[in-house]
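Thanks, everyone, for making the time this morning. I would like to walk through one model with you, starting from the overall fold and then turning to the spaces inside it and on its surface.

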Amino acid sequence: MTQSIINSVIKPFKATAFHKGEFVELTEQDLLGKWSVVFFYPADFTFVCPTELGDMADHYEKLQAMGVEVYSVSTDKHFTHKAWHDTSDTINKIQFPMIGDPTGEISRNFGVLVEEDGVALRGTFVSNPEGEIKVAEIHDLGIGRSASELVRKIQAAQYVATHDGEVCPAKWQPGDETLAPSLDLVGKI
């Protein structure tokens, strides 16, 4: 039986990232103490990937204001991330770390590595400050993601984390009513 990644703790890793013009070493410890998004994509210099990363870059300031750090990951090397950043106007907007995962270790840890192709599926994982995964979304290679929907999911995860006994219904937005599951609600929603 396969165990869900939800509520599991991010597995140990060590990697080099391209971040703000420099190469930096990162581990799973860097994701602790804040909400984090680990955003896997198949490869640099491709087609759907820059649209997703550009969308994430456009939402990065809002995510930072929410106390969230973003880490993009592909199986490319950090050198390739730098080259892409230097040659693409869209990728040049990125202010978050771009992690290189050439061995596939991180992608494998999150269950998104396509072994025969050596690339990651489009996986998005949100972890809380304790490193527990609270949101997991995996898309096939041809299906792009929406950063605005990710923002909403993080807002819901943060709300639930700070409001014991409350849950967020479908399409919940900050300020909307939540639910307090109880016997009284069974069959009435």
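What follows is a short tour of the fold, the cavities, the pockets and a few individual residues.

Let me say at the outset that this is a predicted model, and that every value I quote is computed from it. The protein has 5 helices and 9 strands, and if you read along the sequence the elements come in the order β-β-β-α-β-α-α-β-α-β-β-β-β-α. As for overall dimensions, the C-alpha atoms fill a box of roughly 55 × 40 × 30 Å along the principal axes. The radius of gyration is 17 Å, which agrees with the value near 16 Å that a compact globule would have with 189 residues. Of those 189 residues, buried ones make up 45%.

Rolling a probe the size of a water molecule over the atoms shows where empty space is left. How many cavities of 30 Å³ or more does a search of the whole structure find? The search finds 2 of them, and I will take them in order of volume.

The largest cavity holds about 60 Å³ of space. Its lining is made up of Phe 39, Glu 52, Asp 55, Met 56, Thr 124, Glu 137, Arg 145, Ser 146, Ala 147 and Leu 150, and by class these residues divide into 4 nonpolar, 2 polar and 4 charged. Helix H1, residues 48-65, and helix H5, residues 147-162, each supply at least two residues of that lining, with the largest share, 3 residues, coming from H1.

Arg 122 sits in strand E8, which covers residues 122-127. A polar atom of the Arg 122 side chain also lies 2.6 Å from the backbone oxygen of Leu 141. Is this arginine buried or exposed? Arg 122 counts as buried because its relative accessible area is 3%, under the 20% limit.

Let me turn to the open spaces. The largest pocket contains about 190 Å³, and its lining consists of Trp 35, Asn 128, Glu 132, Lys 134, Arg 152, Lys 153, Ala 156, Ala 157, Val 160, Ala 161 and Cys 168. Helix H5 gives the largest share of this lining, 6 residues, and by class the lining has 6 nonpolar, 1 polar and 4 charged residues. The second largest pocket contains about 160 Å³, and among its lining residues are Gln 3, Ser 4, Ile 5, Lys 11, Asn 109, Gly 111 and Ile 133. Here the division is 5 nonpolar, 5 polar and 1 charged.

Cys 168, in the lining of the largest pocket, brings me to the cysteines. The structure holds 0 disulfides. Cys 168 counts as partly exposed at 23% relative accessibility, whereas Cys 49 is buried, with a relative accessible area of 1%.

A few single residues remain. Most residues other than glycine have a negative phi. Lys 20, however, has a positive phi near 50°; it is found in the loop between strand E1, residues 14-19, and strand E2, residues 22-27, and counts as exposed at 61% relative accessibility. Lys 171 likewise has a positive phi, of about 60°, and is found in the segment after H5, where it is exposed with a relative accessible area of 71%.

Finally, Asp 58 lies in helix H1 and is exposed, with a relative accessible area of 51%. Its C-alpha atom is separated by 8.4 Å from that of Ile 94, a residue 36 positions away along the chain.

Notes:
Residues numbered from 1 in each chain as written. Predicted model: local features only at pLDDT ≥ 70, side-chain atom pairs only at ≥ 80, totals over all residues. Heavy atoms only, no water. Disulfide = S-S within 2.5 Å. Buried < 20%, exposed > 50% of the residue type's maximum accessible area, 1.4 Å probe, protein only. 1 Å grid on protein atoms, 1.4 Å probe; cavity = no way out; pocket = protein on both sides within 12 Å on 5 of 7 lines; lining within 4 Å. Points joined across faces, edges and corners; volume = space filled by probe spheres on them. Helix = DSSP H or I, 4+ residues; strand = E, 2+ residues; numbered from the N terminus. Nonpolar A, V, L, I, M, F, W, Y, C, P; charged D, E, K, R; others polar. Polar contact = N/O pair within 3.5 Å; in protein donor to acceptor, adjacent residues only side chain to side chain. Rg over C-alpha atoms; globule rule 2.2 N^0.38 Å.
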